[in-house]
Amino acid sequence: MILIGMFDSPFVRRVAVSMNLLGMRFEHRNWSVGKDFELIRQFNPLGRAPTLVLPDGEALVESAAILDFIDECAGPERALVPRSGKERRDALRLMAVATGAAEKAVTQLYETVFRPPEKRYRPWTDRCHSQMHAALAELDRLAKGRVGEWLIGNRLTQADITATCVYTFLADALGIDRGAYPGLAAIAEGCEARPEFCSVKADWFPPGDGG
């Protein structure tokens, strides 16, 4: 399998971490949605990352769809999203809140990269900023209220992976105060120490060049 996209993107990175944890080997194409747009479009008409190309040439797009596929391949006992019930609902909610924070961060970054100062609409970026921090506060609240080491149940799940990848992205890209959300920071610190995360962490670079 071939994973297309740069690890500065939390969406690409959560796929890579998940595949590492499940022991799924992949070839990485470190392509930028900026300078490598036409290369990516050979596999994904939207020119977006992540894109996962299967051995038969089929291309899966969007991280949620890719994660669903790799969970299916792993089987119900190893899948990173709980199979059913409250644990599944809780995991999906946490993932939605985390990816929502990432999307609001990307909006803020693109506003500064692609628009000249006189064209920027400050009320919009302020709103995105407040939504991003509200999402982080909710993740932090849930992290502080956890019973064990992980966000859901007694094992690492996609909720931990996604929250960590998003938190690290926000800290690197927007410079959020790492001490402002101690519960979330503790989860991220534990995950980032694992080799499955360390091996797919890239130095963050100027906005607009990531997936």
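Reader: Before anything else, what counts as a disulfide here?
Author: A disulfide is a pair of cysteine sulfur atoms within 2.5 Å.

Reader: And how many disulfides does the search of the whole structure find?
Author: Zero disulfides turn up in a search of the whole structure. Keep in mind that this is a predicted model.

Reader: OK, take Cys-73. Which cysteine sulfur is nearest, and how far away?
Author: The nearest cysteine sulfur to Cys-73 belongs to Cys-165, 20 Å away. Cys-73 is in no disulfide.

Reader: Is Cys-73 buried, exposed or partly exposed, and why?
Author: Cys-73 counts as partly exposed, because its relative accessibility is 47%.

Reader: What about Cys-165, which cysteine sulfur is nearest there?
Author: That of Cys-191, at 8.3 Å. Cys-165 is in no disulfide either. Its relative accessibility is 2%, so Cys-165 counts as buried.

Reader: You mentioned Cys-191. Which residues of H7 are buried?
Author: Cys-191 is one of them.

Reader: What do the buried residues of H7 pack against?
Author: They pack against four helices: H1 (10-21), H5, H6 (158-173) and H8 (195-198).

Reader: Let's stay with H5. At what angle do H5 and H7 pack?
Author: The angle is about 75°, and the axes of H5 and H7 (residues 182-192) are 6 Å apart. H5 and H7 are therefore roughly perpendicular to each other.

Reader: Which residues meet there?
Author: From H5, Leu-136, Leu-139, Asp-140, Ala-143 and Lys-144 take part. From H7, the partners are Pro-182, Gly-183, Leu-184 and Ile-187. By type, the contact of H5 with H7 has six nonpolar residues, one polar and two charged.

Reader: How does H5 pack with H4?
Author: H4 (residues 85-114) and H5 (residues 122-144) pack at about 150°, with axes 9 Å apart. Angles over 145 degrees count as roughly antiparallel, so that is the label for H4 and H5. Their crossing is left-handed.

Reader: Which residues make that contact?
Author: On the H4 side they include Leu-94, Val-97, Ala-98 and Ala-101. On the H5 side they include Trp-124, Cys-128, Met-132 and Leu-139. The contact of H4 with H5 divides into 11 nonpolar, five polar and four charged residues.

Reader: New topic. Where is Val-81?
Author: Val-81 sits in the loop between H3 (63-74) and H4.

Reader: What is Val-81 in contact with?
Author: Leaving aside neighbours within four places in sequence, Val-81 touches Asp-71, Arg-88, Leu-92, Met-95 and Gln-158.

Reader: How far apart are Val-81 and Thr-157?
Author: They are 76 residues apart in sequence, and 5.9 Å apart in space from C-alpha to C-alpha.

Reader: Last one: how do H1 and H3 cross?
Author: They cross at roughly 5°, and their axes come within 10 Å. That makes H1 roughly parallel to H3. H1 supplies Phe-11, Arg-14, Val-15, Ser-18 and Met-19, while H3 supplies Ser-63, Ala-64, Ile-66, Leu-67 and Ile-70. The contact of H1 with H3 has seven nonpolar residues, two polar and one charged.

Terms used:
Residues numbered from 1 in each chain as written. Predicted model: local features only at pLDDT ≥ 70, side-chain atom pairs only at ≥ 80, totals over all residues. Heavy atoms only, no water. Axes fitted to C-alpha atoms, helices over the stretch in contact; angles between N-to-C directions. Helix = DSSP H or I, 4+ residues; strand = E, 2+ residues; numbered from the N terminus. Parallel < 35°, antiparallel > 145°, perpendicular 65-115°, else oblique. Left-handed = near helix turned anticlockwise from the far one by under 90°. Contact = heavy atoms within 4.5 Å. Nonpolar A, V, L, I, M, F, W, Y, C, P; charged D, E, K, R; others polar. Buried < 20%, exposed > 50% of the residue type's maximum accessible area, 1.4 Å probe, protein only.
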